[in-house]
Amino acid sequence: MPSIPASSPGGGSGSQGSGVADGDWERVQAEFMKGIWKENPVFVQVLGMCPMLAVTNSAVNAMAMGAATFFVLVGSSFLVSLLRNFIPRQVRISTYIVIIATFVTVADFTLQALLPDIHRELGAFISLIVVNCLILGRQEAFASKNTVKHAVADAVGMAGGFAIALLCLGSVREILGSGSLFGVSLFGSGYEPWVIMILPPGGFIMLGLILLFFNWLKSRRAHWLQSLDKLGEGAR
Amino acid sequence: MKHTAPGLVLRTAPFLKHPTDTPNLMRQVLLALLPVVVAAAAFFGMAAMLVVGASTLGALATEYAFGPSRNRGSTLHDGSALLSGILLGLTLPPSFPLWMAFLGGIVAIGLGKLVWGGLGQNLFNPALVGRAFLQAAFPTTITTWAPQGQGFLHLSSANLAAPLMQARVDTITAATPLGLMKFQHELTPLWSLLVGNSPGSIGETSSALLIVLGLWLAWRRTFDWRIPVAILVTVAVFAGILWIVNPETYPSPLFMLFSGGLLFGTLFMATDPVTSPMAPLGVWLFGVGIGVLVVLIRLWGGLPEGVMYAILLMNAATPLIDRVIQPRPFGRGKHNVLEGDAR
């Protein structure tokens, strides 16, 4: 079996479980944080748009989807990273898919058993987590090349960022589209719901506006940092 | 350099300039809208004026707030935001809640124009984007029509609904001529369609007035006369054929021409120079497409009126039309321009 060399810039491939260096914990933190903000799967990479648009018509649905994706992504990143030296290069994609599908099946049946109502609302989109490009992308780009510890940190960060984005969109759409948040009415009975917000066009419009907002925020931050630098130079 | 009394002017070409620029064009259309607004005030009273005012305010505020940050408000001077706001207001029902009209103005300028990069970059007519948003967001409110002749000072309680709150349902409602035709098979007399004393959107009811204004605008060459001609002839021919085949089920072509928002949309929205094709042949295609879609939606679609969606759909097709039908550059012979592109 030809095995790929584990190209882990941190420790060696056999470092997991053994003594943790000081710089290593910082790297774990960095891998985690990049998924939340700097490389957020939705706001920056614009991945996983199918569930993003389809199931965010209420905050509860968005949270259930976020939790299911979190479980699948962390589980499969862990397993893929663990098996990365045994997976033949030629069949790696199909192996990832089999691993992901295993976790999706577990998530699917768990939701069906515990929360049948939400399972019915989410419908086929639970099974469709298998083909979520975010999950497959993390296996191919990160988990298959890094140690288990870093792979899990990366997966938790990415899935967390994805869940935050889902919750953002789901909350805004539920507030405008039905005047409630997590099923709690916010404006009383006289509220006029914006029907478009719980329909697909509202998802596209809201997602576009949220992306616009985050890009604006980032450019403002860059601008601000630049002016700080200039100020520092002027003081010197 | 600026000389107060130049004895000799040294300049390069062009020497002759047409006085029409964007603000000038917008002013002409605004001037043409003035009689429409006055007629609306006469038909629907103060409520209509407030709705138009609210949507215009929303449009202007958005244009100001999201305009270029260095010179805030500088894009207001071309009058295009004012025009979009007034046009949007004129397509709404007179008993429309003011906060919804304001929201429509925001969406029209924000999503209809500014996110595309401002005036001249937008793919869709801004006023119609605003209306399509309102139609999708508040489908029942936007199809609740107030009757005419309730006195100038009459305001329905729906107009004054608090922001985000529902319009109360105690308003007296009436059906538009197209709604009557579609759901009750009842034809409004042609005379009333021409004068405009039938329920409908604020600016669309008086066909005679709109025809006169259309002729004036065409004579001033404010818009391309081919667009209205193509749309109206297509609707007349298509509806006429159906009417000849089966006058029992299908309304007469004259009814189709003078009812609903066809004339208003044709004159003021389809002719938007930004969102219509450039070459004459493309313009004909654009108009025929709108005409066919209007008849299809009105007679077989779920909604009584289809002018808005017809124009928006053909707006979306405009870049395609422009690409396929390019005017032959002078001196290029009979070569197809697209072939030239491929090489």
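Q: Which residues touch the most other members of the largest nonpolar core?
A: They are A:Val72, B:Val51, B:Leu128, B:Val235, B:Ile290 and B:Ile311, out of 130 residues in that core. A nonpolar core here is a set of buried Ala, Val, Leu, Ile, Met, Phe, Trp, Tyr and Cys residues joined through C-beta atoms within 7 Å. Buried means that 20 or more other C-beta atoms lie within 10 Å of a residue's own, exposed means 12 or fewer, and partly exposed is in between, with C-beta atoms placed from the backbone.

Q: Which helix gives the most to this core?
A: Helix H8 of chain A, residues 148-178, with twelve residues. Helices (H or I, at least four residues) and strands (E, at least two) are DSSP runs, numbered from the N terminus. The core also draws at least three residues from each of domain 1 (21-174) and domain 2 (180-327) of chain B.

Q: Before I go on, what kind of model is this, and how are things numbered?
A: This is a predicted model, in which local features need pLDDT of at least 70, side-chain atom pairs count only at pLDDT 80 or more, and totals for chains, interfaces and linings use all residues. Residues are numbered from 1 along each chain as its sequence is written, while chains are lettered from A and ligands numbered from 1 in the order in which they are written.

Q: What pLDDT does chain B average?
A: It averages 86, and 94% of the residues score at least 70. pLDDT is the predictor's confidence in each residue, from 0 to 100. Where pLDDT is low, the predicted coordinates should not be read in detail. For the complex, the predictor gives an ipTM of 0.79 and a pTM of 0.85.

Q: OK, how many helices and strands are in chain B?
A: Chain B has 14 helices and zero strands. Its radius of gyration is 22 Å, close to the 20 Å that the globule rule gives for 343 residues, so chain B is as compact as a globular protein of that length. That radius is taken over C-alpha atoms, and the globule rule is 2.2 Å times the number of residues to the power 0.38. Along its principal axes, the C-alpha trace of chain B spans about 70 × 50 × 35 Å.

Q: And what share of chain B is buried?
A: Buried residues make up 46% of its 343 residues.

Q: How is chain B divided into domains?
A: Into domain 1 (21-174) and domain 2 (180-327), with bounds that come from an automatic or database domain assignment. The C-alpha centres of these two domains of chain B lie 21 Å apart.

Q: How many residues are in contact between them?
A: In chain B, 34 residues of domain 1 are in contact with 26 residues of domain 2. Two residues are in contact if their C-beta atoms, placed from the backbone, lie within 7 Å. On the domain 1 side, the largest share, ten residues, comes from H1(B). That side divides into 26 nonpolar, seven polar and one charged. Here Ala, Val, Leu, Ile, Met, Phe, Trp, Tyr, Cys and Pro count as nonpolar, Asp, Glu, Lys and Arg as charged, and the others, Gly among them, as polar.

Q: What about the contact of chain B with chain A, how many residues does each give?
A: Nine come from chain B and ten from chain A. On the chain B side, eight are nonpolar, one is polar and none is charged.

Q: New topic: where does B:Ala270 lie?
A: B:Ala270 lies in the loop between helix H11 (262-268) and helix H12 (280-300) of chain B.

Q: Is B:Ala270 buried or exposed?
A: B:Ala270 is buried, with 28 other C-beta atoms within 10 Å. Leaving aside neighbours within four places in sequence, its contacts include B:Ile227, B:Ile290 and B:Ile311. B:Ile311 in turn touches B:Leu128 and B:Met269, among others.

Q: Which residue of chain B has a positive phi near 55°?
A: That is B:Arg221, a residue other than glycine. B:Arg221 sits in the loop between helix H8 (207-219) and helix H9 (226-245) of chain B, and is exposed, with 12 other C-beta atoms within 10 Å.

Q: Last one: which residues does a cis peptide bond join?
A: B:Ala13 and B:Pro14, with omega about 5°. B:Pro14 is in the segment before H1 of chain B.
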